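Here are my notes after a look through the model you sent.

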Amino acid sequence: GWYLHTGSEQGSEGDDPSYHIVWATNQAFKMGNLSCALPRTEGRWWEGGDKEIWCGVEWIRIGTPAWTWAPPSFGTKDNFVWLQLPFELSEQRASLQKFLLTPSPLFVVAHIIPQFVGTTGCFMALLISRLKSRKRFSFLPDPPTVIAYVFCLSGISFLAASVAYFAVNDLYEALPNLFRGLMCAITSLFVNSNKIVHALCVGAFLDIGGYLGSKIFIYRMPHSYTPGFPFIGLVWIFFACAVAALRFRALMVSKWFLRQDQKEYDQMWETLCVNEDNKAGLEHLEKVVRMIGLEDINVCKQHNRMLVHRLPKPVREKWFAQTTEQHMAMVNPILQEIQAWFIPGRPDPKSQVWSITQLYLQAAVANLLLRSRLKEWSSRSNGMLLHLDEEEEAFVMWNDLKDDPEKRDNVHWTMMKGHDRAFEKLVRSYGNKTSSLVDIVRCCLVFKSMEHLTNCLGIIATDEHVRVERLKNRLSLSYDSDETGGYRDVCINLKIVSKEAQFLGVELHQCEVQLILEDFANIKNSGRGHRSYVLARNAKCN
């Protein structure tokens, strides 16, 4: 290294340099009258090349008094290079200032650890995503969790480095590290299974943008090589592209699993649409769906009952006026006094169900109530249910089964969604939001004709014991069946609002009812069809 002495005389502060550039040569030179070593008279001090001919020999610029880190492949032989930045000398006269040719330990730690954590963590997440599909590696954390921790640790590392640089009054290093630390910490909050690519792209954009900003506004080298490199930003972009590519591959694999079933579904649909009566039935179904007016609703949630004290005062007073003594007698006197009891049948928009245990307790009761409604709808619309016996399984009209106890016992009722599948959907599709599970209680009715199916839809919509919340008409002529692998049905989300349901506390529980044509149901119910669906679902991570 080298050192500088400030002037010893008072008033000599103006002679102290504000910056210096160090040049070196291994060749013998002659100074002569010193004219060959005079400083540059034209242009700015940070402009020019790295080599000059002075005093008959070639000189190489080796640096100025501030360090940064850059990859060796970008014009340097060493990872640590000098920056062309001004510096300050002590105002004390006859003071000594040292400049080292090696960076300080603080600089090494502050530049290597955050970059190492931020880059290697992403590659670890990719490796875990491949290993976790194997049973013996199932104990590994989910890749989004790894990414969240990587972002968080990188942010902590950058913030720690920023604090250290602030402590030694090095703003040129402190501010970029502070920006990167806040960027990593904020981005880690938005990383989950379905937003990871967005989070990575935003983080990469901010990192590269911060690098370019420091290049232009701090180092003032917009058109020349600037030491330093946005490693984390570029690695995150690479990782986001890798995740997107893997996701695209998963979608292609999912479609491959369903290709045979989709071919059969599409052939069946084309045959259905050729028949004029069926086509008229489809058009009539669309009119019925439009009359119900729920086809534009895309989101259903499980909500809790409204608490009395959350009602606006005028509404609360009106509710009290309409409440019967019989109802009030059922409420604990202490809860009456503090007005902390729930209103049956009235959902609280701000209070969604977060407990999976609560959902399954409600579902166990709602499942039995829905089954009784299903029998009535089937009876009035010639609906069919899956019947199992020793010889075969087939869809049989409920009207042909209901009067025979032995046949009734062989009806295969749709089971509630299993716990494993419920947790899969929570993690894969719903971001761990329990209120989004609206199909724990589900059932299906099968029909021979469009007429019977449309009739059943009208019966359900006008049933005073239920309230339809959402309607998906996948039998619409405009529906893109590629979204469901060719499969089509009418999917209804509803709540059972009978007095019995209110008394049992399940009148707000969302259930799912599927109305399916028999030909589609046969493919869906076949062993091969269900296996293909499960494989495609797992490949697609839904």
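1. Start on the outside. Phe166, Leu171, Leu175, Leu178, Leu182, Ile186, Leu189 and Phe190 make up a nonpolar patch on the surface, and together they have about 760 Å² of accessible area. Keep in mind throughout that this is a predicted model.

2. Which helix gives the most to that nonpolar patch? Helix 3, residues 171-188, does, with five residues. Ile186 sits in helix 3, and its relative accessibility of 48% puts Ile186 in the partly exposed class, because exposed would take over 50%.

3. Now for the inside. The count of cavities of 30 Å³ or more comes to one, and the largest cavity holds about 50 Å³ of space. Its lining is made of Asn367, Leu370, Arg371, Leu374, Trp413, Thr414, Arg442 and Cys443. By residue type, that lining splits into four nonpolar, two polar and two charged.

4. Where does the lining come from? Helix 10 (356-381) and strand 12 (442-447) each supply at least two residues of the lining of the largest cavity. Helix 10 gives the most, with four residues.

5. Asn367 counts as buried, because its relative accessible area is 12% and the cut-off for buried is under 20%. Asn367 and Ile496 are 129 residues apart along the chain, and 9.9 Å separates their C-alpha atoms.

6. There is another pair to look at for sequence distance against spatial distance. Tyr265 and Tyr487 are 222 residues apart in sequence, yet their C-alpha atoms are 6.1 Å apart in space. Tyr265 belongs to helix 5, residues 231-274. Is Tyr265 buried or exposed? Buried, at 6% relative accessibility.

7. On to charges. Side chains of opposite charge can pair when their charged atoms come close. This structure holds 12 salt bridges. In one of them, the side chains of Arg373 and Glu376 meet at 3.0 Å, N to O. Why are these two about one helical turn apart? Because they are three residues apart in helix 10. Arg373 is buried at 11% relative accessibility, whereas Glu376 is partly exposed at 32%.

8. Arg421 is buried, with 14% relative accessibility, and Glu424 is partly exposed, with a relative accessible area of 25%.

9. The salt bridge between Arg474 and Asp489 has its closest N and O atoms 2.7 Å apart. Both residues lie in the loop between strand 13 (466-473) and strand 14 (490-496), so the pair ties together parts that are 15 residues apart in sequence. Arg474 and Asp489 are both buried.

Definitions and conventions: Residues are numbered from 1 along each chain as its sequence is written. This is a predicted model: local features need pLDDT of at least 70, side-chain atom pairs count only at pLDDT 80 or more; totals for chains, interfaces and linings use all residues. Side-chain values use heavy atoms; hydrogens and water are left out. On a 1 Å grid over the protein atoms alone, a cavity is a set of points where a 1.4 Å probe fits but cannot get out, and a pocket is an open set with protein on both sides within 12 Å along at least five of seven lines; lining residues have an atom within 4 Å of a point. Grid points are joined across faces, edges and corners, and a volume is the space filled by probe spheres set on the points. Ala, Val, Leu, Ile, Met, Phe, Trp, Tyr, Cys and Pro count as nonpolar, Asp, Glu, Lys and Arg as charged, and the others, Gly among them, as polar. Patches are made of residues with over 30% relative accessible area and no salt bridge: like charges are joined within 9 Å, nonpolar side chains (Val, Leu, Ile, Met, Phe, Trp, Tyr) within 5 Å. Accessible areas come from the Shrake-Rupley method with a 1.4 Å probe; for residues, only the protein chains shown count as cover. A salt bridge is a side-chain nitrogen of Lys or Arg within 4 Å of a carboxyl oxygen of Asp or Glu. Buried means under 20% relative accessible area, exposed over 50%, partly exposed in between (1.4 Å probe, protein chains only).
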